[in-house]
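Here are some notes for a first reading of the model. Please keep the structure open while going through the points.

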Amino acid sequence: VSANPDIIHQKIGFKYTWDKEYRSPGRPTKILNASVKDFLFPVHLACRLRLPPPTIFYLINQAPYLLTERDGNDNLPAELLGNSRDHQEVVDVILLHMLASEESSIPADITNILKNAPTKNMTSVASKPILNDFYLIHLACENCASARVIDFIVKCFPSGLKQTSTDSYLPLHFLLDKAIKATVEQSLVMSLIKQCPESLQSRSSDGRYPLHFICAAGNKFTKELVDFAIKSYPLAAKKKDSMGRLPLHHAVHTVNYHLPTIESLVAVDPLSLEDLDSMDGTP
């Protein structure tokens, strides 16, 4: 891997061959040669061969995004390990990654791993980027994972709340961006802000602060959250995004606008009602 780092991300194509017994009535047993084509990444092959856990953890840390990839037989790495007792912690780490990706498709009994304290290897996976500057906590927030999954990942890697992705999105940005179209628990948003209050001062690549996202979500959030965000960082109410829009513009132009939100923003800066965006539009 040190000599060729890219090999971790390369899929291997090959053919299995094995001997198979064939019996027919009144005829002697024949040995036939059977074969099947398959495509595997190194982590799939390591899980299939049930190599020592340290080896598999090394591959996971090098390319954690492959944990949700299927091989040529439609198997995930966790499925290839099966019920191996020696690899239970490996399976738990893989399942944590899957919970962050698509929790709704995971059997309920698997979520039992969230009841225990994070293991050293879970912490290791959560603290390393999945791809470029994209961490497990970003993935969980982007996919609207449940509060218990996100809370568990934060326990694994508390500093993850301060990590920005390539587009300058913090986990809070990802979560609030989803709230515009999907349902996000307000208590979870409040929890992330309280654990990392400085995230309210973080500007995304398109110039939006968390308050812009909160306002764009309209009536999905209550006045309590809006007022809490404004009180925590009042200047955000006067910040413009790359389109010259204040949070007030977003609050007014959303389909499900929330009047108490608009009133809170106007109270901070009454003159914002006359402020023009890049298209010469007032709120």
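1. A cavity, as the word is used here, is a set of grid points where a 1.4 Å probe fits but cannot get out. Its volume is the space filled by probe spheres set on the points. The model examined here is a predicted one.

2. How many cavities of 30 Å³ or more does a search of the whole structure find? The search finds one. The largest cavity has a volume of about 40 Å³.

3. Which residues line the largest cavity? They are L161, P171, L172, L192, C196 and S199. Sorted by class, this lining has five nonpolar residues, one polar residue and no charged ones.

4. Two of the lining residues, L172 and L192, turn up again where helix 8 packs against helix 9. Helix 8 covers residues 171–179, and the angle between helix 8 and helix 9 is about 160 degrees, with the axes 10 Å apart. Helix 8 is therefore roughly antiparallel to helix 9, since angles over 145 degrees count as such. The crossing of this pair is left-handed.

5. On the helix 8 side, the contact is made by L172, L175 and L176; on the helix 9 side, by L188, V189, L192 and I193. The class count for this contact is seven nonpolar, no polar and no charged residues.

6. Helix 9 (residues 186–195) also packs with helix 7 (residues 147–156), at an angle of about 15 degrees and with the axes 11 Å apart. That angle makes helix 7 roughly parallel to helix 9, because angles under 35 degrees are counted that way. Here the crossing is right-handed.

7. Which residues of helix 7 and helix 9 meet? From helix 7 come A147, I150, D151 and V154, and from helix 9 come L188, S191, L192 and Q195. By class, the residues of this contact are five nonpolar, two polar and one charged. L188 and L192 of helix 9 are in this contact and also in the contact with helix 8.

8. A further pair is helix 11 (residues 223–232) with helix 13 (residues 259–268), packed at an angle of about 20 degrees with axes 9 Å apart. So helix 11 runs roughly parallel to helix 13. Helix 11 passes helix 13 in a right-handed crossing.

9. In that pair, K223, V226, D227 and I230 of helix 11 meet P260, T261, S264, L265 and V268 of helix 13. The contact residues divide into five nonpolar, two polar and two charged.

Note on methods. Residues are numbered from 1 along each chain as its sequence is written. This is a predicted model: local features need pLDDT of at least 70, side-chain atom pairs count only at pLDDT 80 or more; totals for chains, interfaces and linings use all residues. Side-chain values use heavy atoms; hydrogens and water are left out. Axes are lines fitted to C-alpha atoms, for helices over the stretch in contact, and angles run from 0 to 180 degrees between N-to-C directions. Helices (H or I, at least four residues) and strands (E, at least two) are DSSP runs, numbered from the N terminus. Angles under 35 degrees count as roughly parallel, over 145 as roughly antiparallel, 65 to 115 as roughly perpendicular and the rest as oblique. A crossing is left-handed if the near helix is turned anticlockwise from the far one by less than a right angle, and right-handed if clockwise. Contact means heavy atoms within 4.5 Å. Ala, Val, Leu, Ile, Met, Phe, Trp, Tyr, Cys and Pro count as nonpolar, Asp, Glu, Lys and Arg as charged, and the others, Gly among them, as polar. On a 1 Å grid over the protein atoms alone, a cavity is a set of points where a 1.4 Å probe fits but cannot get out, and a pocket is an open set with protein on both sides within 12 Å along at least five of seven lines; lining residues have an atom within 4 Å of a point.
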